[in-house]
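Subject: Structure handover

Hello,

Please find the structure below. My notes on it follow.

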Amino acid sequence: MKAVAPSTADIDQLAGLADDIVELAELPAEAAGDAQSSLRAMSQQYRKWLPVPGPWTAFSFRSEQGYEGYAWDWSQNQQFNGSKRLELLEHAGGAPLAAYALRLRTDVPRFDDVVSWIGMGWRFFTKHLLPQADMEMQEQVSEFDEHIAPLAAKFVEIVRRTFIPATANGQIGFVIDGKSRTPRLHKQLPTAQEPLPLIEPAIVLGLDDSGLFRDGMNELFALADDLVEAVREVNPESVPADYRIAEPEKTKAEGGSVWSWPLSKSGVDDQVRPSVALGRDAAVFSLVPKQAGRLIVEAPLETGSQLTRFDEPLASAAALDFAGLVDAVEPWVVYLARYAAVQRQDGSVDPDRTLDADAEDDQVREVLGQVKVVLEAARSLRAATAETVSKPDATVTHWRNVIRDMK
């Protein structure tokens, strides 16, 4: 575990190589000292985050439903926080195709460390590398430093003052679903015979203070407008004079509000649009507004519920509806196979065409027949779950799955 675990040795080695790097780059002699000083400071800060390697072991066995297993990790200083239930699992939409949630230790000093590293790199660049660049590059960096850098500092201040305290409970989740349907993903694509599932990924954040998170989002929207003006100041030709960042469309949802940005000129199905939903105790970032609105509403997690309810305090938890995921993928396999057949026969595919069984040739029918057998076999793995708990001396993961043989 010590051999494979991350450590400060990598950064320390970089500090040791600073002299050689400076010599190869033909930098001033003091650059080596500055590089070593910065890297050593980074190493000391990074050391506080690193887990202390410990033994690891695992085993698995057949159960009445499928397979089951345990894994123990005795490493210390883990970043997981398993002191409470993962309430965020109730913001996975009830029965998603897949859900994963975890709770991490959060603190402002860690964020400040990352900011300080970026500052170290920028100062080294402007002091030792920039003087060797041509005048055009130096002028561009000077413009950046004058107009853009202050906005970066403002962004850091917004994150530190609003988002970090608003999400202090440390919960973050990832969800994949497929409840929405589309006849075609883009207007330049042909229509499917049956509506296709939209694979919907989303990020969910647990909130301690939804009002503070809302304030942070509003300040970021304003900062984005300032960024456009700053870029225009640096290079007037890069941004049209009449361009403004589009205002999001706001809609009410059962559990809160949803903001979305239409992609009307892209040709993509109108159901697909970047969106942010904000509820009382969760914020959702999704590409489908309907999903975002659905996830901010509390609902018991049904995926994997035949295996566990995730009721105990957990550091992380995962649930997978594998058979459902196969069901969502299969229509796309058929659609793409039919598209490829028409493309091969005609050289192009008419967007006004409907891809039905008539689009298939003998080769495609044979391939799809084999693929459907493979997918049916894959459905034998029905569901799987995993949960990680933090014990006083170890982190323990328990996983289970359900397997049903093909009939």
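F310 sits in the loop between helix 8 and strand 13; helices (H or I, at least four residues) and strands (E, at least two) are DSSP runs, numbered from the N terminus. This is a predicted model, in which local features need pLDDT of at least 70 and side-chain atom pairs count only at pLDDT 80 or more, while totals for chains, interfaces and linings use all residues. Residues are numbered from 1 along each chain as its sequence is written, and side-chain values use heavy atoms, with hydrogens and water left out.

F310 is not a glycine, yet its phi is positive, at about 55°. Most residues other than glycine have a negative phi. F310 counts as buried because its relative accessibility is 4% (buried is under 20% relative accessible area, exposed over 50%, partly exposed in between, with a 1.4 Å probe and protein chains only). Beyond its neighbours within four places in sequence, F310 is in contact (heavy atoms within 4.5 Å) with residues including R85, L89, L301 and T385.

N77 also has a positive phi, near 60°, and is not a glycine. N77 lies in the loop between strand 2 (67-73) and strand 3, and it counts as partly exposed because its relative accessibility is 29%.

F310 is also one of the residues with the most contacts inside the largest nonpolar core, along with L89, V204 and V284; this core has 24 residues. A nonpolar core is a set of buried Ala, Val, Leu, Ile, Met, Phe, Trp, Tyr and Cys residues joined through side-chain atoms within 4.5 Å. Strand 3, strand 8, strand 12, helix 8 (289-295) and strand 13 each supply at least two of its residues. A second, separate core has 17 residues, among them I158, V159, F213 and M217.

Strand 3 (residues 98-103) and strand 13 (residues 316-321) run antiparallel and are joined by five bridges; A98 has L320 of strand 13 as its bridge partner.

Regards

Conventions: Pairing = 2+ DSSP bridges.
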